[in-house]
Amino acid sequence: MTNDNTTRKKANAVFFAAVMVISMVAVGFAAAPAAAANIQTAEYDQEADSGDTAYQGQELIFDISSVQGNTDENLELRELDTSESPAQIGGLEAALDPEDGDYVVIDTSNREAGQYVITTQSSGDEFNTSEGDIRFEVVAQDLTTEFDDDEVGDSGDDALVDYEIDSDARNEYVVNVQADGLDAGDLEDIFTGSGNASYDRDVTENITDEDGDWDRYEVSAWANNSSQQDVDYALNEDDDIITLFDAEDSDHELDFTDIDQDEYEFEVSVVDSTAEDTDTINVTEADEGELDIADSVVEQQGDVAEITVQLDNTDQGTLVIGNEEDDGYQANVTIEDEEDDEVVVLFNTYAAGDANASPDDIVYTDDDDAEVSLANDSDLTDILDTGTYDLAVGPYTNSSDSQRFIDTIEDPDTISSLSIQERSETSLALWRTSESVEEDVAEELGDENESATVELINSAVEGDLVTETDTLAVDDDGSRSDVLVHQLTASGLEGVLESADGDSLGQGDRTTQLYALLQETNDYDSKSDYSDLANGSDDKVEMVLELQNPGPNEPTTSIDVNEDISSTAFSDIFTVVYDEDTDNYYIVANTDELNDEVSEDIEDEDEYEVQINVQDARLLDTLEEDDEDAFEDAFLENSASFTAEAAEGEFDNEDDIQVEAAEEQSITGTTNVAPGTEIDVRVRSDDDASTSFIQNDEDLIVTPDGTFEATFDFSETEVNDTFEASVRQAAFDATSDGTVVETVEERASFDVSDLSPQEATATAGDSVTVSATIENTGNAEGTQDVALTLDGEELDSQETTLEAGGSTTVEFTADTSGLDAGDYEHGIATDNDEETGTLTIEEDTGDDTGDDTGDDTGDDTGDDTGDDTGDDTGDDTGDDSGTDDSTPGFGALVALVALIAAALLATRRNE
């Protein structure tokens with residue numbers, strides 16, 4: 001290696017020799033060849049110029065060739081008084097003895113901190129650069145050294161301790177470190193042994209003199225050399241010192257592994273200044289490293305198990321899942337954790353044993369300061385069986401992986417268990433929500449916080465902002481339709497999703513994972529004993545929306561999400577959130593984005609069945625199943641239905657809104673869009689109003705009962721002013737006229753809810769009881785006729801009186817005699833509201849039909865042949881009157897409709 005210090009000294013010699021030659025030529029003298037030798041042999045820490053700052057203890061070399069009147073006898077070091085302007089030459093500090101009149105070396109060790117000048121002038125003269133005066137400042141360097149702990153162990157993590165070296169006055173400096181009882185080799189191990197050590201390059205040969213001895217001036221030269229690096233250190237074995245370059249890096253991790261147990265005082269001194277400090281550390285016997293498993297783990301087959309491993313007095317260890325001899329499966333896992341705390345190991349029970357799976361898809365961790373690696377695991381033909389598997393942990397770090405795992409099984413710190421259970425049943429439910437809730441979900445997921453997103457969804461469900469539904473309000477303009485939420489409950493699916501994307505376990509985005517999974521088919525060809533069915537074309541997971549009510553002569557159409565949606569469109573349409581506590585997957589679908597992508601829009605009156613079917617042969621353990629029926633019977637099929645309806649809404653008291661000329665006036669309305677939807681309402685004065693005004697109430701929230709309320713200030717208007725109210729920024733249009741009145745008229749409004757039954761099946765002739773809750777949501781007592789209806793026609797009614805805010809339950813019992821088999825719409829209605837359901841009538845096939853027919857035929861025939869039709873009327877009236885008095889008949893309405901139809905037919909024939 002080249003000694004750059006020697007090169008620097010030679011360059012300096014040339015420089016100063018040149019200065020001497022030039023100055024001597026000026027006075028007519030020839031340069032003496034001995035000058036180069038003198039500068040070459042000079043010993044100093046730093047070349048200095050006028051205006052420089054030096055640290056107390058440094059040896060400085062100055063070029064004094066420009067000092068006027070300089071002779072070997074009159075050059076002096078004096079104080080410089082900077083309290084005056086210009087600065088004044090002060091008292092004498094030392095007479096200087098220049099080398100050949102060209103340079104001088106000044107030792108600052110005994111100089112007080114302050115300003116100094118090299119000059120030929122006298123005390124009281126003004127500092128004058130034109131006279132060649134050279135000024136410099138001496139400051140005292142501070143130094144602080146401190147161990148982070150008073151004690152340190154002698155092995156493992158306990159042997160590591162942080163050590164701080166710091167100086168406020170100086171940024172770059174070199175220190176010598178020594179401690180009684182420690183030789184240079186010990187100090188080298190301590191400062192270079194840690195994995196995070198600050199030093200790792202020994203430059204001892206660069207800082208020794210010609211005799212091979214450690215040399216302070218060589219140290220200073222190397223510190224100023226361009227080849228010097230932050231990681232350099234040198235050893236002085238004669239004095240048991242380690243020299244640390246760039247010691248100003250405040251924190252250093254020291255390693256006391258195998259250092260004798262004792263108390264050591266570390267003495268630190270700056271090489272070229274008087275700064276020094278000490279601190280003491282006590283080396284004790286280290287505690288043994290230990291690993292523990294917090295709790296036993298229970299997970300369902302196919303899901304991802306979370307195994308929490310605690311580390312104590314060690315930052316690495318081993319986890320073994322299962323036992324090859326006992327369980328036919330074993331996964332060998334290594335763990336490293338910088339924080340010496342705990343690590344959550346993710347274990348994919350779906351991918352375990354799959355030779356084609358990436359190790360990071362089988363075992364991984366979310367912890368940023370930890371690393372978990374799968375060394376190897378058993379190769380399985382099928383999915384990992386249900387059952388209980390041992391979890392063994394130990395602090396072993398043997399260089400041989402196989403031995404550390406053997407040691408962990410034979411002598412573990414802790415044994416726990418992983419119980420893999422059968423998957424539970426799957427199901428599908430449909431919910432709806434607003435675009436604002438969808439945006440909140442997407443924003444929370446954007447922060448990479450799935451658990452917080454789950455909490456948001458659960459809160460929205462509790463607040464009725466996400467509601468279970470079989471209807472979906474769609475916007476004809478395609479911009480503000482309801483958002484459809486698919487709640488797929490499916491244990492065991494997590495591992496399949498995690499294996500579908502290219503990310504490590506626990507690192508992927510659920511939406512991306514679902515799209516990737518929908519593109520995969522059962523293509524398991526890695527094993528010769530797999531059946532052809534497992535290598536077929538079935539999608540691992542299938543998602544289809546199938547139209548149930550196509551128009552006349554139109555084929556049934558469907559939206560095949562697997563095939564019809566591109567990757568980019570999928571991320572625009574869908575957002576997927578997983579709740580690991582409930583095994584619920586919330587697949588949030590933006591209806592408008594979906595309509596933009598498919599050829600046939602979801603529109604008013606469309607009835608769809610959503611199917612999400614799990615068909616993965618590995619998950620369902622059918623890789624070796626040859627029977628096609630048995631193979632398909634294992635599929636987990638899930639479906640739910642919804643009906644699309646046009647978004648609509650209206651103001652209460654439509655075209656007759658009344659407000660008073662005052663503040664806080666309320667205008668209300670109802671709509672069928674999803675709760676949580678945000679809308680705006682505007683009121684604008686008519687042309688004939690005495691005052692002109694426009695007001696907006698924005699971001700109104702549709703409540704769970706489908707109502708909305710806007711509040712306005714009409715205090716600046718006049719009585720009889722008219723206006724128009726309109727809904728804006730909504731999926732529906734609604735307008736209403738309104739008037740400013742002296743006093744708002746109190747009104748009753750009867751709402752209908754809780755119709756029972758919503759769906760019913762009865763045999764013709766049976767009695768059916770229908771009930772509903774009637775609530776007066778108005779601000780005044782009222783009386784209305786509440787009616788039982790069939791296909792929109794009134795069958796019976798009850799007069800009902802309710803005070804404002806009051807409610808009651810009404811009940812009707814009706815006879816189904818005379819109704820043909822089929823579906824009918826039944827309902828209960830008020831002047832303000834109606835709720836309907838479906839009544840299915842089945843034909844009566846019992847014995848009573850034959851008897852009744854015989855009797856009726858005989859009676860009717862006999863009566864008809866007589867001359868008195870009154871008997872017929874009397875008999876019929878008498879027979880029917882009992883039923884009519886007690887139970888209104890659905891059959892009477894059907895007979896009436898038939899009679900009207902016959903009359904119309906006769907009229908048509910006459911025409």
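Me: Which side chain does the side chain of Arg747 make a polar contact with?

Reply: Good place to start! This is a predicted model, and in it the side chain of Arg747 makes a polar contact with the side chain of Asn653, at 2.9 Å.

Me: And where is Arg747 in the chain?

Reply: Arg747 sits in the loop between S46 and strand S47, which covers 750–756.

Me: Why does Arg747 count as buried?

Reply: Buried means under 20% relative accessible area, and Arg747 counts as buried because its relative accessible area is 17%.

Me: What does Arg747 touch?

Reply: Leaving out residues up to four places away in sequence, Arg747 touches Asn653, Asp656, Gln658, Gly778, Asn779 and Ala780.

Me: You mentioned S46. How does S46 run against strand S40, parallel or antiparallel?

Reply: S46 (residues 735–741) and S40 (residues 657–660) run parallel, with four bridges joining them.

Me: How about S45 and S46, parallel or antiparallel?

Reply: Those two run antiparallel, and five bridges join S45 (residues 722–728) to S46. Here Glu724 has Asp737 as its bridge partner in S46.

Me: How many residues lie between the strands in that hairpin of S45 and S46?

Reply: There are six residues between the strands, and in this hairpin Gln729 takes a positive phi near 55 degrees.

Me: Switching topic: what volume does the second largest pocket have?

Reply: The second largest pocket has a volume of about 930 Å³. It is lined by 27 residues, and the closest to its centre are Asp366, Glu448, Glu450, Gly506 and Arg510.

Me: Which helix gives the most to the lining?

Reply: That's H9, with five residues. H9 covers 450–462, and it is one of the elements that supply at least two residues each, along with strand S21 (304–312), helix H10 (494–500) and strand S35 (574–579).

Me: One more helix: how many residues of H4 are buried?

Reply: Six of the eight residues in H4 (residues 216–223) are buried, so the helix is mostly covered. The buried ones are Tyr217, Glu218, Val219, Ser220, Ala221 and Trp222.

Me: And what goes on at the start of H4?

Reply: There, a side-chain oxygen of Asp215 reaches to within 2.9 Å of the backbone nitrogen of Tyr217.

Terms used. Residues are numbered from 1 along each chain as its sequence is written. This is a predicted model: local features need pLDDT of at least 70, side-chain atom pairs count only at pLDDT 80 or more; totals for chains, interfaces and linings use all residues. Side-chain values use heavy atoms; hydrogens and water are left out. On a 1 Å grid over the protein atoms alone, a cavity is a set of points where a 1.4 Å probe fits but cannot get out, and a pocket is an open set with protein on both sides within 12 Å along at least five of seven lines; lining residues have an atom within 4 Å of a point. Grid points are joined across faces, edges and corners, and a volume is the space filled by probe spheres set on the points. Two strands pair if DSSP finds at least two bridges between them. Buried means under 20% relative accessible area, exposed over 50%, partly exposed in between (1.4 Å probe, protein chains only). A polar contact is a pair of N or O atoms within 3.5 Å; within protein, one must be able to donate a hydrogen and the other to accept it, and residues adjacent in sequence count only if both atoms are side-chain atoms. Contact means heavy atoms within 4.5 Å.
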